[in-house]
Each structure stands twice: as C-alpha cells, then as structure tokens.
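Here's a quick tour for anyone meeting this structure for the first time. Have a look at the sequence and the model, then read on.

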Amino acid sequence: MTQESLESYSHENRMFPPSEDFTKEALIPGIEAYQKEYAKSIEDNEGYWAEIAENLEWFQPWNRVFNGDDRPFFKWFEGAKTNITYNCVDRHVHNGLGNKAAIVWEGEPGETDKRVLTYWDLYREVNQCANALKDLGMKKGDRAALYLPMIPELAITTLACAKLGIIHTVIFAGFSSNSIRDRVDDCQAKLVITADGGWRRGQVLNLKSIVDEAIDGCESVTDVVIVKRGHGDPFPCKVKEGRDHWYHRMVQDKPIHCEPEPIDAEELLFLLYTSGTTGKPKGIMHSTAGYMVYAYQTMRTIFDIKPEDVYWCSADIGWITGHSYILYGPLLNGASIVMYEGAPNWPDSGRFWEIIEKYRVTIFYTAPTAIRAFMKWGESWPNQRDLSSLRLLGSVGEPINPEAWMWYHTVIGAEKCPIVDTWWQTETGGILISPIPGATTTKPGSATFPVFGIDADVLTEEGEPTETGLLAIKNVWPGIMRGIWGDKQRFIDTYWCKWGGQYYFPGDGAHKDKDGYIWVIGRVDDVVNVSGHRIGTAELESIFVGHPDVVESAVIGINHDIKGQCLVSFVTVKAGIIATEELVIQLKELVIKEIGKFAIPEKIVFAADLPKTRSGKIMRRLLRDIAENRAMGNVTTLADPSVVEELKRKYSEN
Ligand code: WTA
C-alpha cells in the first residue's frame, strides 16, 4: 500500500454503526457488552481464556493456563489432554446435532456434483479414514502432507489426521511438485494424501502425477493415499504397488467408530508453510489446545455464529484462512459450512452469487482481491440473484480499499450487513484485529480494533506509540504459532528481535487514526501479497538467479487494481547473452516449476544493471518508484546514478 492510499484511508470518515436489528440478536449485543468483555479479557487474560476453554471438552484438565517462562516459546493449557476432531465432530454428535448439515459441498461441475454431510456422516467418514490410517501404521507425531482439491475428503482426511495426532501439512493444490517436495522433505512426511484429479475452470488438474514427480526419491514417504475425485473411472494416473492406496477401497470396510487419541495441549496439530523474507517457505507450527480455543472463540465472537447460520468462506483449506475459518473454527462451533471446489468465474462470473442464493448463505467471508474482480465483472451478476439471506460479510488476506468496501457493503450487503475486515496471519492462528459485528462502528478500509484478549498498537522502530509505524502485538494469545519447524533461531529472529523481544512483530505497517482505529497498510518486509497469497521476493530472486543466463535479479511488489499487489522482476543477464522473449518464457516456466502459476511476475524487465548503494545493496525503493512511475526518492547514495535513467527507459518500453 502506498503513501497515497494511506492518505485516502486516513481521510476516510464515513462511519457505519451496526443496525439495531443486528445488534439486538448478536452474541455480543452492542458496545457496552463489548467493552465489558474486552476489559475483562485484558485485565484477567488467563481467567478469560480458561473460561472460554470450559466450553470445549477435555480428557484431562490443565494445571496451568499460560506459561511464558521460556519466552518466546509459550505454552497454553499445560497438562491438559484433548482432541480437536473430537471437539469438532464427536461432541456435536453426542449433543444431538448428528443430523445437522456439517458440510454442504458443491463441486465445480455444479448440479451433477454436490454432497451434504451431516455431523453424523462426518463422524463416520472421519473415523473410517482414521481407522484406515492406523492400519497403514500411521501414529501420533507422524507427519502427513495433504495435496487435494476442495472436496469433502480434504476436510475428512485433515480431521482424521488430527483425531490420531498425526501432524498435517496441507499444501494448496496450486503449488508445483518442487514445492511439495520441499515441504515433504522439510517435515519428513511419512504419508501423502492426494487425489487422481480436481476441477479448475473446466479442466482436470492431475494432482497425482504432480505428487509422483514430487516424492520421487523422498525416502520419508512410505504411503500415498489417492482419493478418486469423480463418480466413474478414475482420471488417468499411475498407482505404485505397495505404496499407493485408493482411498475408497481403503476406508470401505473400516469400523465407523474410532477412539480419539488423547493429545497433550502442546503437541503439534499442524504445520503450514508460508513465505518469509529469506530462503524457502517456513513450516509454521501450531499446537493443539491453544489453537483450538482461539479458533473456537474468534469464530464465535467475530462471525457471531448461531445454530441456524449457513456459513461460507470462499478460501481454500490450503491456506490458514481455510484451516481456521472453513474447518476448525466453524466445526468447533457446530456450524453448517458451505464448501466449493471451483473458481468464482466458472462457468460464469455469477457463480458465487448463485451458490449464496441456492444454499441461503447467511455469512460470507472472502478476500478483497475477489471483491475487486466482482466489481470489474459488474453488478448485474449479483443483482440477478436473491442475496437476502446474507446477514454478515467478512474480508481477509490483504487491506481492503474503501471503494471495494463500499461496493461490498452496498451491492452484496444491501447496506444492512456489517462487514468484518479481519487482520491476521498464518503465524497468528486466528484473527487478531477486527470489528465485532454487533458492536463496532466500522470505517471502510479499517480493521478497527484488537479482538478479545488481544492488546495491539502502532509503534516506531524504537517502540514508542505513533500514528503511522509498525503494527505490534503486545501480549500473547493461545493461537500464536509455536515456532518454525526445525529452525528455532529463525522464529526468534523473525518475530521477536524488534523491541527487545517484548512484543510480537508481524511484519506489517499500520496507521492509527485519531479515534484509535487501526488501518493495516501492508508488509514492511520483502513479502508481497498477490491476490492474498504471500510470496517472498527472495524466493523468486533465487529462482531467477538459478537460470544459467541470469546474473542478478531483484523482485518487488507494486500496487495492482485487482490483485492488491503484483510482482515485477528486474533481471540482468550475463555478458554476451541477449535477453529474448524465449528467455522470458523460460523464466516464467521456472517459476511454475518451483512454486506455481500464481507466483509468475506481472512483468519481467531486463536491465543492464540494478541501482545499488556504494556498499552493493540493491535499492528496491527506487525500483518501486520506477515501477509505480513516481518521482525518484533520494538517489545520492547510488553508486552509479545513470543506472536509474536506463531502467526507467527499459521499464516504459516493457
Ligand atoms: C495481510 C492470511 C490488511 C498482512 C490470513 C498479513 C491483511 C498477511 C489483512 C498474512 C487485512 C491479512 N488487512 N492486511 N484484513 N489480512 N493481511 O499468512 O500483510 O496468508 O501480514 O494470512 O496478509 O497473510 P497470511
């Protein structure tokens, strides 16, 4: 986000209080109820979380709510034993919710491909899967990588792993085989669960062949489970005798009950890989009890979830949003969720609104990048549909610009639905900054205030409160990451080095306005948020430099109307090499091979040289100025100022 947009944000003074109708029925009914609960959550933080945790089931109680003795390696609910799948599924079956719809699934092909799983169905299917995994010899602490389309089996297998204490790492199905291999190798996964294929815009993605390529030579993998996506014959794929197992055969005769494994509070539930400033993606570790309590409570208070709601989050389970707010948060609350396999514009640009009308969705949670695409496709799509079931809207993944917010509010929300603009990260496990829908008066583009149990502020590098600076989280919460798989030091260096390690540093810049509203501006590090997907510029640079013709590369993120940000890469080639269209294609192919299509830069600009300081550091700030066509900042520290003019010319030719 640029300085210009920040200024437009801080001049934003439209205010939208929740309607009386909404407030009357809300779980947190109005500002007084909110203030009372917030004050309590801060003054007696441990007492607050203990009270919330009582709403879930524990096989053994905790003897200490919070243990911060070994900062920043925090522990929550120490001594307790529980099971998150038991709390998501079994508990509701025992409490009479067995016949309630848990997952209402729609495949991309639509009418011919939909399924409703009640809590009782989910119970049976998760248990059969868990029993099958046990028979394969999988046990607590083993790692399983899941590479699946958005089909019910993704939810089922994830929950089955959690039921046995197998640490799951879900890999978004847009990642390449090399990305899978990196993750499988890093966590030494024993099991991979995939499908023969999945649908994306009318095309079949051959997931199994991508997996085959990925794990060729990975010695840790002993078994691969293949879900058959379609109804008839499987999509073409190889099945390796002894290693590969068809899911439908594996589960068919398995018992429908499975005792939940009692899991220690701090045992890991999952790893989720995400991009950082340097090196390869890091495996963010989340543990069982704290994550569970946090997902449960944020879902309840921020989405105001009630028994009759039909909740739809359009993310993919392969990202943290899908973990916390498709799967765990809603199921912990016994909600009915909609799950959709395909793209928002397939077979036409009205697909999302058709789904909302068809299933009478009441709460809808999506990303600003999608909202901006909907704006471009035009109001006539949503206007053709009855969206009157909607009562609450959410936004996640990147800053939402006031214009998109207003469109969401007017065209989708009919000016009656509160919007919760939720700020958080893979590392935080759950939402940290967001309006509480029945209480907070919103401003378009502001994530407003920290949620219950969270103390956040905007600080200078030195730790002084300021208007525009760095976002800081001043206390610790149950859902916070427990570290980076295999790299203790990187966890400390990335999140706990600023401010003497006193506060959590998320890597975002923010602005706090005169009313105390927080406006998250975007990353202050070398992570770029393209359509809500985190991409590390260093990761891309090392891919380009891996090409034999390339000497050096610098990748930056610049503003983009729909995607929020997009990537631009500057590349210098070896002497004697001519940069051709063919080289551009090769570089793009390398990105597809190493990461996935979604990480391809918008522009690749060849340059004779890059602007550097006298000590040889690439000045990315200047590259951004060039790419965003701004007046140049200070160039006096440049080793060779003529480089900039040359780059400007090259950029405008591109
Ligand atoms: C950005 C996604 C502004 C932010 C849940 C953060 C946001 C990164 C918002 C984490 C928001 C997420 N407003 N920025 N409401 N939500 N971000 O790990 O830069 O994929 O650091 O988690 O997305 O991305 P991640």
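## Overall build

A compact globule with 654 residues would have a radius of gyration near 26 Å, and the chain's 24 Å agrees with that; the radius is taken over C-alpha atoms, and the globule rule is 2.2 Å times the number of residues to the power 0.38. Those C-alpha atoms fill a box of roughly 75 × 65 × 55 Å along the principal axes. You'll find 21 helices and 30 strands in the chain, where helices (H or I, at least four residues) and strands (E, at least two) are DSSP runs numbered from the N terminus.

A word on the source: this is a predicted model, where local features need pLDDT of at least 70, side-chain atom pairs count only at pLDDT 80 or more, and totals for chains, interfaces and linings use all residues. Residues are numbered from 1 along each chain as its sequence is written, and side-chain values use heavy atoms, with hydrogens and water left out.

## What's inside

Buried residues make up 61% of the chain (buried means under 20% relative accessible area, exposed over 50%, partly exposed in between, with a 1.4 Å probe and protein chains only). The largest nonpolar core has 163 residues, and Trp58, Phe77 and Tyr328 are among those with the most contacts inside it. Such a core is a set of buried Ala, Val, Leu, Ile, Met, Phe, Trp, Tyr and Cys residues joined through side-chain atoms within 4.5 Å. Helix H11 gives the most to this core, with 9 residues.

Leaving aside residues up to four places away in sequence, Trp58 touches several residues, including Phe77, Met292 and Val293; contact means heavy atoms within 4.5 Å.

H11 (residues 288-302) and H12 (residues 320-332) pack at about 85°, their axes 8 Å apart, which makes H11 roughly perpendicular to H12 (65 to 115 degrees counts as roughly perpendicular). Axes here are lines fitted to C-alpha atoms over the stretch in contact, and angles run from 0 to 180 degrees between N-to-C directions. On the H11 side, the meeting residues include Tyr291 and Met292, while H12 brings Tyr328 and Pro330, among others.

## A look at H8

In helix H8 (residues 177-187), the buried residues include Ile180, Val184 and Arg183. Among the elements covering them are strand E6 (143-147), helix H9 (207-215) and helix H19 (581-594). Just after H8, Gln188 takes a positive phi of about 50°.

Technical notes. Parallel < 35°, antiparallel > 145°, perpendicular 65-115°, else oblique.
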